[in-house]
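Here is a friendly walk through the structure, from one chain's surface to the place where two chains touch. Keep the 3D view open as you read.

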Amino acid sequence: MTDFEFPEFYSFPPFFTVQPVLSTREKQMALWRELILKYYTQRKLKTLVVHECPLWKNKDIDRQLSAEGIEDVMADLVKMGHGEWLDEQKTRCRILWRKPEQLASDIYEWAIANGNIGSVCTVYELHSGEDVNGMSFQGVDEDLLRRALSILEDEGRCALFKGDTSDEDGIKFL
Amino acid sequence: MSHRRRGIGVGRGKASAKFSKKAEELKATSLQSAVETVETLKAKLATFAKTHQTEIQNDPAFRQRFLQMCGPLGVDPLVSSKSFWAKTLGVGVGDFYYELAVKVAEVCYATRSRNGGIIAVQEVFDVLQKKYKSGSGKKCNQADIPIAIAKLSKLGGGFRMVKVGKTEMIVSVPTELDQDHMQILELAQSDDGSGNGGCVTADDVVQKLRWSQDRVDRAIRLLLQEGMAWQDDYHGVSFFWFPSIWKESGAFM
């Protein structure tokens, strides 16, 4: 497994103290979001278990986020649409590399660009077909994909219908 | 050689009058020669510039020496592109500094959210070196950057050079940085050997600079507000780090 390349700010001690100045704190939160998303996506991990997350502590500079700091970072991640709590105790969080809304618009734009409006494709083709090489939704897990599709359905941009297997479920772009 | 108007002797007697007149004539002559000399030199400089147009545009060291020749003659080849000099130098030098100024400003803006609007010239230079490695743009050296900044400050927006200790830094925000702020930055920069390059505690400042707690707090507060300083709480002590200096010290790279 390739080593994760930590960004420069991970070695910057203040990164582990929640900043008192609002504008600086916002930048800090954005950096933490970026770090979490990159790390979890590269490792292909879909769930962040709070007390097991190795990012909160950097031994090399002897700094770590306080419990409050961790709460703040997680709350921000969820608020920004990149995380979803899987339990009420907030111990496990599902990581959304791209928000369902973003995926939805990416999919629809792809459909337009590829002349797929009015035609049908399967769920399988959307996440693993040849035509989606390089797209943000390539390889995305089905659950997330379906959420994106239901957003499109709500917007009237597609119609969904059942196939023999869930992979064969169809989407008609409108 | 034209004679200037005859001076009126201040001295007494015929001898003084004659002496004064001679003195005036000499003065006039030397002034005339001096003026002619400068004009000749300027003309020679113009010829030189035209002949060495390419070197001036492409060789930073050569360009530096050329600019040094211009200074004493009161020649500024960096003014507007319609000038005699721009034509002589082939739309080179003035535009070069303008283009560089734009690139420097871009780096400053891009890093502003990280360092609060203050950045070391060295860091800007390193970024530009990396970015423009392929030599499609003209080469520059570090000394070119302050000249480009001088051009930028004319555009307003607060671009200016400041010196923190021995380090030249560029400030790209209109924030008033007074001596107190500069001194804290300088303190943060000095490495006392314990590897603390780039940070200070309030106590450090009180002890080393002998300021009141109030004065320290006020200065640090502004630096924090501007985003030039970030807070680091470690075992109950607050350290204040400056991204612009931390980067420069390369402590963790």
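## Surface and burial in chain A

Chain A exposes about 9,700 Å², and carbon and sulfur atoms supply 48% of that area. Please keep in mind that this is a predicted model. Of the 174 residues in chain A, 43% are buried.

## How chain A is built

Chain A has 5 helices and 8 strands. If you trace the sequence in your viewer, the order of elements is α-β-β-β-α-β-β-α-β-α-α-β-β. Taking the contacts in chain A between residues at least 6 apart in sequence, 55% join residues at least 24 apart.

## Where chains A and B meet

How many residues does each chain bring to the contact? Chain A gives 17 residues and chain B gives 16 residues. The size of an interface is often given as the accessible area lost when the parts come together. Between chain B and chain A, the buried area is about 1,600 Å², with carbon and sulfur atoms giving 65% of it.

There are also polar links to look for. Between chain B and chain A, 5 residue pairs are in polar contact, counting pairs with both residues at pLDDT 80 or more. The elements of chain B that give two or more residues to the side touching chain A are α10 (213-225), β5 (230-234) and α11 (243-249). Of these, β5(B) gives the most, with 5 residues. Sorted by class, this side of chain B has 8 nonpolar, 5 polar and 3 charged residues.

The interface of chain B and chain A has 1 salt bridge. Which residues form a salt bridge between the two chains? Asp232(B) pairs with Arg63(A), and their closest N and O atoms are 2.7 Å apart.

## Salt bridges within the chains

Over all chains, the structure holds 14 salt bridges. One to look up in chain A is the pair Glu34(A) and Lys38(A), whose side chains meet at 3.4 Å, N to O. These two residues are 4 residues apart in helix α1 (residues 22-42) of chain A, so about one helical turn separates them. Glu34(A) is partly exposed, at a relative accessible area of 36%, and Lys38(A) is partly exposed too, at 44% relative accessibility.

In chain B, are the partners of a salt bridge buried or exposed? Take Arg63(B) and Asp144(B), which form a salt bridge at 2.8 Å, N to O. Because Arg63(B) lies in helix α3 (residues 60-70) of chain B and Asp144(B) in helix α7 (residues 144-154) of chain B, the pair ties together parts that are 81 residues apart in sequence. Arg63(B) is buried, with 1% relative accessibility, and Asp144(B) is buried at 0%.

Another pair in chain B is Arg215(B) and Asp180(B), a salt bridge with its closest N and O atoms 2.7 Å apart. This bridge links distant parts of the chain, since Arg215(B) is in helix α10 of chain B and Asp180(B) is in helix α8 (residues 179-189) of chain B, 35 residues apart. Arg215(B) is partly exposed at 29% relative accessibility, whereas Asp180(B) counts as buried at 14%.

Finally, back in chain A, Glu142(A), Arg146(A), Lys162(A) and Asp169(A) are joined into one network by salt bridges that share partners.

Notes:
Residues numbered from 1 in each chain as written. Chains lettered and ligands numbered in written order. Predicted model: local features only at pLDDT ≥ 70, side-chain atom pairs only at ≥ 80, totals over all residues. Heavy atoms only, no water. Contact = heavy atoms within 4.5 Å. Buried area = accessible area lost by both parts, 1.4 Å probe. Salt bridge = Lys/Arg side-chain N within 4 Å of Asp/Glu carboxyl O. Polar contact = N/O pair within 3.5 Å; in protein donor to acceptor, adjacent residues only side chain to side chain. Nonpolar A, V, L, I, M, F, W, Y, C, P; charged D, E, K, R; others polar. Buried < 20%, exposed > 50% of the residue type's maximum accessible area, 1.4 Å probe, protein only. Areas by Shrake-Rupley, 256 points an atom, 1.4 Å probe, with all protein chains shown as cover.
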